[in-house]
Amino acid sequence: MSAAPVIAIDGPTASGKGTVAQRVAAALGWHYLDSGALYRVVALLALEEGVDPGDAAGLAALARRLQPRFDGERISLDGREVTEDIRREDVGAMASRIAVHAPLRAALLELQKGFRRPPGLVADGRDMGTVVFPDAVLKVFLTASVEARAQRRHKQLNEKGFPSNIAILLQDLRARDERDSGRSAAPLRPAEDACQLDSSDLCIEQVVALILRWYGER
Ligand code: C5P
């Protein structure tokens with residue numbers, strides 16, 4: 001029996017991959033994996049348990065005992081809901097710091113592959129097309145200029161009632177891009193066979209429609 005098909009959507013922080021991937025999954029009736037949420041869950045536990053962000057073995061041990069439950073948009077861990085906590089800025093920053101460690105990435109590999117189930121999976125992250133699902137039927141590398149991404153994040157935070165500063169958001173996005181692209185373990189880069197999509201001047205509906213069209217053409 002051949003494995004369920006995967007659509008891999010990779011790209012930098014705040015490129016809109018999460019929303020786009022969820023909508024593509026909903027349109028096809030497929031499962032959805034937010035791989036960044038797994039790195040965020042490990043980051044939250046590391047912060048709470050005082051594990052040093054440089055302790056690769058300790059972080060990998062945390063990741064190996066991870067049994068997160070995804071229920072639609074809700075994520076829980078041993079019966080505790082962590083959906084909101086993992087979206088905190090300090091948790092995102094910690095996730096980006098710990099994601100450089102190869103042993104941690106290896107510990108999360110099987111967990112991620114386990115999300116591949118019929119009728120199909122849409123997976124978003126940084127290395128879905130390059131490392132986790134290299135045989136994905138469609139690989140999309142979704143980008144947007146750092147300015148467009150900072151504006152989007154600013155708007156999102158404002159809507160949630162969190163004041164934010166564009167200059168600081170820009171600085172933070174650049175630092176995360178640098179860490180994601182510059183690390184030696186699974187750096188952020190388009191797979192050789194990825195379709196590149198710059199969403200700076202596109203709305204979500206246009207991006208989703210384009211991806212569905214590309215999938216339909218396969
Ligand atoms: O996508 P999100 O911002 O939620 O991911 C949090 C962090 O986890 C990112 O900054 C990135 O460094 C890391 N990550 C990763 N590989 C993935 C998904 C996320 O390194 N597949």
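1. A polar contact is a pair of N or O atoms within 3.5 Å; within protein, one must be able to donate a hydrogen and the other to accept it, and residues adjacent in sequence count only if both atoms are side-chain atoms. In the side chain of Arg40, an N or O atom is 2.6 Å from an oxygen atom of the ligand. Ser35 has a side-chain N or O atom 3.0 Å from a nitrogen atom of the ligand, and for Asp127 a polar side-chain atom is 2.9 Å from a ligand nitrogen atom. On its own the ligand has 450 Å² of accessible area, of which the protein covers 96% (Shrake-Rupley method, 1.4 Å probe).

2. The model is predicted: local features need pLDDT of at least 70 and side-chain atom pairs count only at pLDDT 80 or more, while totals for chains, interfaces and linings use all residues. Residues are numbered from 1 along each chain as its sequence is written, and side-chain values use heavy atoms, with hydrogens and water left out.

3. The ligand is surrounded by 15 residues (a heavy atom within 4 Å), and the closest are Arg40, Arg105, Asp127, Asp180 and Arg183. Helix H2 gives the most to the shell, with four residues. Helices are DSSP runs of H or I with at least four residues, strands runs of E with at least two, numbered from the N terminus.

4. The largest nonpolar core has 37 residues, and Leu33, Val42, Leu108 and Phe133 touch the most other members. Such a core is a set of buried Ala, Val, Leu, Ile, Met, Phe, Trp, Tyr and Cys residues joined through side-chain atoms within 4.5 Å; buried means under 20% relative accessible area, exposed over 50%, and partly exposed in between (1.4 Å probe, protein chains only). H2 provides the largest share of this core, nine residues.

5. Leaving aside residues up to four places away in sequence, Leu108 touches Leu38, Tyr39, Val42, Ala63 and Leu66 (contact: heavy atoms within 4.5 Å). Another core, of 18 residues, lies apart from the largest one and includes Val20, Leu138, Val207 and Trp214.

6. Is Lys155 buried or exposed? Lys155 counts as exposed because its relative accessible area is 54%. Lys155 is placed in helix H7, residues 146-159.
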